[in-house]
Structure formats: structure tokens, C-alpha cells
Amino acid sequence: MKEISLYIDGRMVKCPEGSTILEAARLKGIEIPTICFHESLTPPGLCRQCVVEVEGARVLLPSCITIVREGMVVTTDSPRVLRARKTILEMLSATADLSEAPELEQQIKAFGADPQRFRPEEEIKTGPIVDNPFYVRDYGKCILCGKCVQVCSEEVQLSYALTVAGRGFDSRISTFYGKPLPDTSCVFCGNCIEVCPTGALKPRKEFENDI
Amino acid sequence: MDSISLKPLEAFLESFEDKSRTSLLPALLKAQELFRYIPEEAAMLISEKLKVPPVHIYGVIDFYSLLHTEPVEQHHIQVCVSPVCSSRGSHKIVEALKGVEGDRRVSVEAVHCLGLCTNPPSALVNNRPVCRINADKIDELIEGKGAPPVNSSRSSHPVLTGRFASDKGKSLKSYRESGGFSGLEKALSMERGDVIDLVKNSGLLGRGGAAFPTGLKEESSARDGNSEVFIICNADESEPGTFKDRILIQKDPFSILEGMIITAYAVGSRKGYIYIRGEYASEQDRFSRVIKEAEEKNLLGEGIMGSDLNFHVEIRSGAGAYICGEETALFESIEGNRGFPRNKPPYPVNSGLFGKPTDINNVETFSYISHILSSEGTDSADLPSASGTRLFCLSGDIKRPGLYELPFGTPLSEVIYQWGGGILNEGGLGSIILGGASGSFVPPDLYDIPLDNQSLKKAGLSMGSGVIMVFDDSRPFLSILNDITSFFNHESCGKCYPCRMGTRLNHEIISRIRKEGARNGDLEKLQDIGMTMKDASLCGLGQTAATAVLSAISLEPDLFKAEVS
């Protein structure tokens, strides 16, 4: 396979043709944070936390899906990049309960984000949905990374019990017409629980032990 | 719940040639029309016939504003609340309609721009446009009474609007008598590559907003004629303040179709779509009659005009989602999905609709292509700029709002004062927005700027879809911004983080500042959110959704700073 040489943060990196910037950076141990990325799923490129500055590009590019080119010059920690990452984390903190998302809490610390900055004066609390013997769904913790929908659909289980519903800020994960899980095509395979990064989806036992 | 009969829906589903997911949106729109919402049973029937998982159907219904999971009243009024209509009191009308009780109860929806900006405020009463509506005449509005839309237009160099005054675009007969389809005839006599070169050399840039070279797009999407290539006309006109495409469809629709057929020949396409926004019901009717007439006269179909060109055009209706004007979201919508934009690359010319090469252009762009090919077009040497004329949508507090076709390079102030007659009621000029809700406030020292892409780009501005919204000095900046941020809050698709959260927080902050004044840190918050959206959003909507706010900050920073006590 052809080898590509590029520069990431001033360091020359050699990687196989067809690699993403994220893969190339990881070869050299250069850390780029991600949220919606999952090793075994198709990267949806929607959280934009892994954006980097590429010389010649008008906007920042998501490193998880941007393929390397010969001679590419990439910066992973420019002021534009850092501003975007910090702001994304601050906005997420204002719109979801991240108390069970250790990786995000770590990023918040690393980027010096202020979780209180955009928090609304009156917080809207949504209670957990307990409609079956196995899972608890607590969408107050959901960050809409979409991994649960991915594993429930084409990418793993083919159950098609979950979808992103609504639009814009009011988007949410839902079943068919918002029905309780036992009334849907859910087979309780547990894949969605496995990939949820924020504790929005949890096995029931663990949840009950919590209370 | 009363039991419903699924029979008419079933018959409709049987009529589809293609019983697959691409027929989902037409099926859902039909169900909405039949039942005034989409009952679960209807969704299940559609699922079974089109082989789409039920949960995906729910996700699609819940995405589009014109589709509902609960019944809506028979009598349905959509009132425009985008900046121009809002400044003329449309919010009051929404409130008044909501207060109507008893038999006269209507379902009311505040919507953002119906392309009826020249006689504000405007509404659709059961899909029929009604203009100059008034909160004091609610009963008349409910009955659908009011002024009809006036589609006034003027031009110094009529090309696109050349058939408007004499109404020569009315029928296929009058269209042909005024030189229509001579462009296609000429194209068919040329080599395909030469047609592309002609469009390339014309310097035509896309008129939807991004101003990408049209000929280059044609060249990159062209294939040998043996593999599939799609042509799409983007008529999802929804940028607040834009009404040019609606008027073009009404006044010269055959020129749009001709442009599509010429392009089909050039790139080797056999199938085209025109995606018209769901709120443009009468434009959809108009264009479907145009297609029918063209098919009858062998201008569409097999062996067009005796050549070996085979080309068919299908109309697709939007279902209430601004984002579907973004090209890849539009593909998703035709494919039967939520209107989520795709990450690029791949670009549409390589992998667009159904993963095939696709040449997608705006309505005005296709119409212009017909004039480039036609021998009847204005000689470009007569124009001050080689790239010709374009349509400007002038609205707001202006004496003569309307559609103006003017050469590129016409100074902004000339459009407003000479063509538009200046500010209404002898008021003072307050602010100008160029490019629609995703455009900018123009700094006062640039009011004389020539409206051409290079000058605007240099000044950090863009004319987008040709929108010029003018406000007098009684319209507070923050009210206009409130309408704009409310629009984006409603229309962000919610796929990527910067736009999903940024549009909501922007609106929350602006509406709070408007009510209570700014607090410490507001300006920095708006800048961080705005720059993150601009730099990191997935699509063009998200990247420009904060442009107006950022431009307002640079013009009037004090508005966003806490008062020093």
C-alpha cells in the first residue's frame, strides 16, 4: 500500500494511503479528542469535537473522516480548534447531565471548559423511563451521539427499535410513536447499553443499586 | 379514536412505480392530506408497502414541519414571522388567531418566510397565499380574504425576466413564440462537451447562494451517457426574504425546464427531479402542468425533439424543512430520510442522489442556462459585467419592494434608492441585511458597494440568494436578530453539535438581551458560539447560521455589553 507523508503539529507522520487524520495522529501518539466516534462503527462525523485546522481549508475539518493527502499540514491545537472544542463542551454541559460521562468530564478539565457557562437558570429535569425489566433510559443524560441508533439499525442488530426523532435542539432518541420498549421491535440485545457513553442507557440492575 | 379507512392510502401506494423508500415522503404527504395527521396504522401500512422500518417512518414524520402525529384542524393558517413580516406585526396576528374560540377555531402555525415578502405580513390559509393581513381583521383572514400576492418586477436588462411583462411564459405556445426551446434546439445540434464549454465560458455562478461555477459542476458530473447521472433543480426556496424562484416558476417555468433538459443533454442524464418546497402548492401545480405539456409535445420523454435524448422529470414536494435546501439534505429527503446533510466529500458530482453523480442547481441557474444557449438572449457585451444579470429580492421598509433583475455590479444604494424608491414613509434608513437570514448586516460605509461576488467577498459579505432586506430606523436591531435566531432555532436539523446547540443558545441569549439588556459575558458567549458554528458545523446552514449575529456584534458591540453603572 502506498504511504502518505503529512505534517501534524509540525511533526512529519507517515501513514498508509486512505487513513484518516485521526488515525495518522494516533500513530504518532498525538491525542485528538472525540465524542461520537466509536472504533467499530461508521463515524457519523457529527460531534465535531475532533476538528482540526488543515492548511488551505476554509473551515475546520473533522479528523475522524478526513482522509490524509500527501503533504497535508494539520494543526490539532490552534486557537480556532481550541475555541471550538471548549465551546462544544460548554454547550454540552448546559444541555445534558454529564455526571456519568467520565470521558467527557476529563475533556472538560483538559480544555478548561466552564460547565456552568451556558447553563440555563431553570434546569429542566427529565426523569428516567423505566418501562421494561432490563433497561433504564434517562434522556436527561443523552448527548445525541447516535451510537444507540447505529447499533440498533444496519450496523449491528437490525432491530430497528430506535431512531432520532424531532429536529434541531428538540431532537431526541425515540421508539416508534414513543411507545414503551416492550411494545416495539426491541429484542433487548444490550448493544445500545454497551455503546452509550453517558449513562443515558443503563442496565436496570445497576440503576436499582444506585438508588 | 374513530376508525379510519386506509383504502384511499392503499390505492395511492399501489400507484407508485417505485415501491421503495424513495416514495416515503410522497406517501406521508398523502396520508397527512387524507387524515390531517399520520395515524400509526397508516405508518404501518406504508412500512409494509415500501419496506421501511416503522421506527424510521416515525423519525421522518417527526422531522418535517408539515407532517404531524396528532390531527390538525381542518382549517389551517400559517403566518410568516420572519423579519420583514414580523416587523409588520405578524406575531400579533398569530396571537389573535390562537385566541379564536368555538366554531371558528383554526390551527395556527408561525412559519418562517413563505416567499411573499413584497406585501407583508403574509400567510397561507389552507395553502392559499393571503397578503397584507391585519390583526384587526382576523375574521376576514380566517375566511381566506385578503390581498393576493403581487409579483412586481422591474429590470434594466431583462433576460431572466424578459418574458414577464408580456406574459410570454404563460403557455408553451407563447414560450416558443418568444424564442423558447431554441436554446435546447441549439444544444442538441452541438457536441455535448461544447455545450458544457459554453456554460463554463459564460462565467455563470450558481444562484442558490454558494456561487459555485455552474459549468465546472456540469463538467465534473458529466458521464458517458451509459451510466446513471441525475439532474436536480433545487426549488426548496426557504431563505427568509427570498421569493425569486417562486416568481420564476409562476412567470417563466418553461425556461427552468429547458435549462434542465439542456443540462441533461450536456451531462448525459436520463432522469431529473425538481424539489419544490411544500409550502409552494400552487407552484407545484404550475410546474406539473408544465411537465405534462412538455411531455405531450415531445420536449420531455423519449427521443426529445427527434434526437436520441431521453429525459424525464419528476416533481418532489418538500415537507417543511429549510435544511432540505442544502443539497445533500435534499438528496436524503428524496431518498426518504430525515433531511440530514451529509459530510463532504464525497461531493454530489461524484456521489449525490442514490450515490450517483448528480448535477444540482438552483431554479434561477437553470433558467439562466436556457438564456445562455438561446440565440434570443441579451448580448452579454451590453452588460457592464460579463457574468450578466441576476435577480434581487428587495423587501422591507421600502417604497417599491419587488423582484429586480439587474446587472452584477449595480451599487447596493442604487437598488434601494433608484429602483426601490427609497425608504417607506420618508423614514430614515436603519439597517440592511444582504443575503437573507444567513447573511449579514451591511456596515453603513459599504452602502454603495457594487453587488458583484468579488467586491462582496472582499468586504466579507455575500449576496447569497439575492436577498436585500431593508429596515427603517424604527426597527430595533435586536428585534430583527430575535426573528433571525428564532428562525435558525426552528430550522437547524440537529445533526451536528455546534449548530444543534448553538442555534438554541444564540436565540436564548438574544431574546434575553432584547428583553432585559445585556449581561457581563454575553458578547463573548455569542462570539464563541458564533465562531464555533462558523468553523466547526457540518454544513453550510450551520456555518452561516450565526453570520447575522456576528455581523451585528461588529457593527454595534455596545448592544451586547452590560451597561456600566
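**Salt bridges and contacts**

Guide: Between chain B and chain A there are seven salt bridges, a salt bridge being a side-chain nitrogen of Lys or Arg within 4 Å of a carboxyl oxygen of Asp or Glu. This is a predicted model, in which local features need pLDDT of at least 70 and side-chain atom pairs count only at pLDDT 80 or more, while totals for chains, interfaces and linings use all residues. Residues are numbered from 1 along each chain as its sequence is written, chains are lettered from A and ligands numbered from 1 in the order in which they are written, and side-chain values use heavy atoms, with hydrogens and water left out.

Visitor: Which residue of chain A does Asp62(B) form a salt bridge with?
Guide: Arg172(A), with the closest N and O atoms 2.9 Å apart.

Visitor: And which elements of chain B supply at least two residues of the side that touches chain A?
Guide: Helix 3 (40-50), helix 4 (54-63), helix 19 (477-491), helix 20 (497-516) and helix 21 (522-536) of chain B each do. Helices here are DSSP runs of H or I with at least four residues, strands are E runs of at least two, and both are numbered from the N terminus. Helix 21 of chain B gives the most, with ten residues.

Visitor: How many residues are in contact on each side?
Guide: 51 residues of chain B are in contact with 46 residues of chain A, where contact means heavy atoms within 4.5 Å.

Visitor: What area do the two chains bury between them?
Guide: About 4,000 Å², with 57% of it on carbon and sulfur atoms. Buried area is the accessible area (1.4 Å probe) that two parts lose on being put together, summed over both.

Visitor: Switching to salt bridges in general. How many over all chains?
Guide: A search of the whole structure finds 46. One of them joins the side chains of Lys244(B) and Glu364(B), at 2.9 Å from N to O. Lys244(B) is in helix 12 (residues 244-251) of chain B and Glu364(B) in helix 16 (residues 363-373) of chain B, 120 residues apart.

Visitor: Is Lys244(B) buried or exposed?
Guide: Lys244(B) counts as buried because its relative accessibility is 0%, and buried means under 20% relative accessible area, with exposed over 50% and partly exposed in between (1.4 Å probe, protein chains only). Glu364(B) is also at 0% and counts as buried.

Visitor: What else meets Glu364(B) in a salt bridge?
Guide: Arg390(B) does, at 3.7 Å from N to O. Arg390(B) sits in strand 10 (residues 389-396) of chain B, 26 residues from Glu364(B). Both Arg390(B) and Glu364(B) are buried.

Visitor: Which residues do salt bridges with shared partners join into one network?
Guide: Arg83(A), Lys86(A), Glu90(A), Arg117(A) and Asp528(B).

Visitor: Now chain A. How many helices and strands?
Guide: Six helices and nine strands. Of the 211 residues in chain A, 52% are buried.

Visitor: Where is Lys141(A)?
Guide: Lys141(A) is in the loop between strand 6 (135-137) and helix 4 (147-152) of chain A. Lys141(A) is buried, with a relative accessible area of 7%. The side chain of Lys141(A) makes a polar contact of 2.7 Å with that of Asp138(A) and one of 3.3 Å with that of Glu100(A).

Visitor: What about Gln49(A), buried or exposed?
Guide: Gln49(A) is buried, at 0% relative accessible area. Gln49(A) lies in the loop between helix 1 (21-27) and strand 3 (51-54) of chain A. Its side chain has a polar contact of 3.0 Å with the side chain of Gln107(A). Leaving aside neighbours within four places in sequence, the residues in contact with Gln49(A) include Pro33(A), Ile35(A) and Arg85(A).

Methods. Polar contact = N/O pair within 3.5 Å; in protein donor to acceptor, adjacent residues only side chain to side chain.
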